[in-house]
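Dear colleague,

Please find below the sequence and the structure that I am handing over to you. My notes on what was found follow directly after them.

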Amino acid sequence: MLPEFQDHAPYIYAAYGLAALTLGGLLSVVLLRARCAKARLERLQRQAEEA
Amino acid sequence: MIQVFANPHRFMAFSKAAQPWLYGLAGLMIAYSLWQAFYVVAPELYQGDSARILFIHVPAAWLAMATYAGMAVASFVWFIWRHELADTAAKALAPIGAAYTAICLYTGAIWGKPTWGTWWQWDDARMVSVLVLFFMYLGYMAIRAAMDTRQKAARAGAIIAMVGAINVPIIKFSVDIWASLHQPASVVRLDGPTMDPSYLYPLLIGALGHTLLMTALVFTGMRTDVMTRRADALLLRQATT
């Protein structure tokens with residue numbers, strides 16, 4: 001249930017919505033890059049062991 | 001202490017164990033702060049409900065400055081001792097600091113419209129110095145990306161981070177030195193906070209939550225960089241044998 005504000009509701013939702021988008025985007029990019037780096041390292045380690 | 005965590009193997013083991021706790025605690029603290037902001041605290045006497053924006057704007061402003069200070073310290077450590085993990089930390093801090101500075105800028109503009117009647121004021125030293133900070137972050141990341149070797153990127157980035165650190169105290173004291181639409185400091189003061197406890201405690205808990213989130217993100221970014229270096233070294237070894 002959304003809170004009921006007496007005034008300035010669009011400003012409050014805009015500020016928190018944009019902040020959530022920015023932090024969500026940052027979190028997604030950082031975690032995705034970590035996942036890709038880990039997968040690449042593991043693949044290369046496997047190749048090195050096999051060789 | 002620094003020597004203990006300066007070892008990449010120890011850092012990887014420590015950060016792997018710490019990350020879930022940091023993300024979990026950060027989520028809980030930020031959620032508590034949001035719940036207070038949206039449902040519990042009363043509207044401010046003069047600003048009404050728009051004062052609720054404080055619970056994201058102020059932590060973002062603190063972290064924008066703290067992250068740059070951290071980047072400058074890490075760059076200094078790299079510059080003096082050439083420790084690769086320090087450069088890794090500075091590199092990981094930059095996008096996080098840029099994101100928090102962007103949040104600070106647009107939540108400030110959104111808060112400014114109903115409070116001061118304007119989105120932006122070019123002669124306000126606080127606003128302009130934070131915008132400069134945002135461009136410092138972008139410049140740091142751009143110059144690193146433009147360099148063809150890691151050593152050159154680290155050196156150029158370290159110089160920008162250390163020189164740009166002068167902007168951090170300018171931001172902090174701008175409201176005391178120059179005329180500004182912003183009010184003087186009401187939390188970090190020598191004579192103690194002047195903010196009402198009903199606003200102060202959720203703000204501090206939210207700020208701590210965002211600090212833990214920033215730390216967790218830095219750990220993840222640093223781990224990514226260490227893994228990328230290890231993978232590059234393996235690739236090089238495979239290519240030469």
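Of the 51 residues in chain A, 20% count as buried. Please keep in mind throughout that this is a predicted model.

Chain A

The secondary structure of chain A consists of one helix and zero strands. Its C-alpha trace spans about 70 × 20 × 5 Å along the principal axes. The radius of gyration tells a related story: chain A has 21 Å, whereas a compact globule of 51 residues would have a value near 10 Å.

One residue of chain A deserves a separate look, namely His8(A). This residue is found in the segment before α1 of chain A. Although His8(A) is not a glycine, it has a positive phi of about 60 degrees. Is His8(A) buried or exposed? There are 23 other C-beta atoms within 10 Å of His8(A), and a residue with 20 or more is classed as buried, so His8(A) is buried.

Chain B

Chain B contains eight helices and zero strands. Read from the N terminus on, its elements therefore follow the order α-α-α-α-α-α-α-α. The C-alpha atoms of chain B fill a box of roughly 70 × 40 × 30 Å, taken along the principal axes. Buried residues make up 39% of the 241 residues in this chain. Among the contacts in chain B with a separation of 6 or more, 75% are between residues 24 or more positions apart.

Two packed helices are described by the angle between their axes and the distance between the axes. The axes of helix α3 (residues 54-81) of chain B and helix α4 (residues 84-116) of chain B come within 7 Å and cross at roughly 155 degrees. Because angles over 145 degrees count as roughly antiparallel, α3(B) is roughly antiparallel to α4(B). The contact of α3(B) with α4(B) has 20 nonpolar, eight polar and one charged residues. The crossing in which α3(B) passes α4(B) is left-handed.

The loop between α3 and α4 of chain B holds Arg82(B).

Met12(B) is placed in helix α2 (residues 8-40) of chain B. How many other C-beta atoms lie within 10 Å of Met12(B)? The number is 16, and Met12(B) is therefore partly exposed. Leaving aside residues up to four places away in sequence, Met12(B) touches Arg223(B) and Val226(B). Between Met12(B) and Tyr140(B) there are 128 residues of separation in sequence and 25 Å in space, C-alpha to C-alpha.

The other residue is Leu204(B), which is found in helix α8 of chain B. Leu204(B) has 17 other C-beta atoms within 10 Å and so is partly exposed. The C-alpha atoms of Leu204(B) and Ser33(B) are separated by 8.6 Å, while the two residues are 171 residues apart along the chain.

Where the chains meet

Between the two chains, 27 residues of chain A are in contact with 32 residues of chain B. The side of chain A that touches chain B has 19 nonpolar, four polar and four charged residues.

Helix α1 (residues 9-50) of chain A and helix α8 (residues 197-240) of chain B pack with their axes 8 Å apart, at an angle of about 30 degrees. Since angles under 35 degrees count as roughly parallel, α1(A) is roughly parallel to α8(B). Here α1(A) passes α8(B) in a left-handed crossing. Residues of α1(A) in this contact include Leu26(A), Val30(A), Arg33(A), Leu41(A) and Ala48(A). On the side of α8(B), they include Leu217(B), Arg223(B), Met227(B), Leu234(B) and Gln238(B). By class, the residues of the contact of α1(A) with α8(B) divide into 13 nonpolar, six polar and five charged. Arg223(B), which takes part in this contact, is also one of the residues touched by Met12(B).

Yours sincerely

Definitions and conventions:
Residues numbered from 1 in each chain as written. Chains lettered and ligands numbered in written order. Predicted model: local features only at pLDDT ≥ 70, side-chain atom pairs only at ≥ 80, totals over all residues. Contact = placed C-beta atoms within 7 Å. Nonpolar A, V, L, I, M, F, W, Y, C, P; charged D, E, K, R; others polar. Helix = DSSP H or I, 4+ residues; strand = E, 2+ residues; numbered from the N terminus. Buried ≥ 20, exposed ≤ 12 C-beta atoms within 10 Å, placed from the backbone. Rg over C-alpha atoms; globule rule 2.2 N^0.38 Å. Axes fitted to C-alpha atoms, helices over the stretch in contact; angles between N-to-C directions. Parallel < 35°, antiparallel > 145°, perpendicular 65-115°, else oblique. Left-handed = near helix turned anticlockwise from the far one by under 90°.
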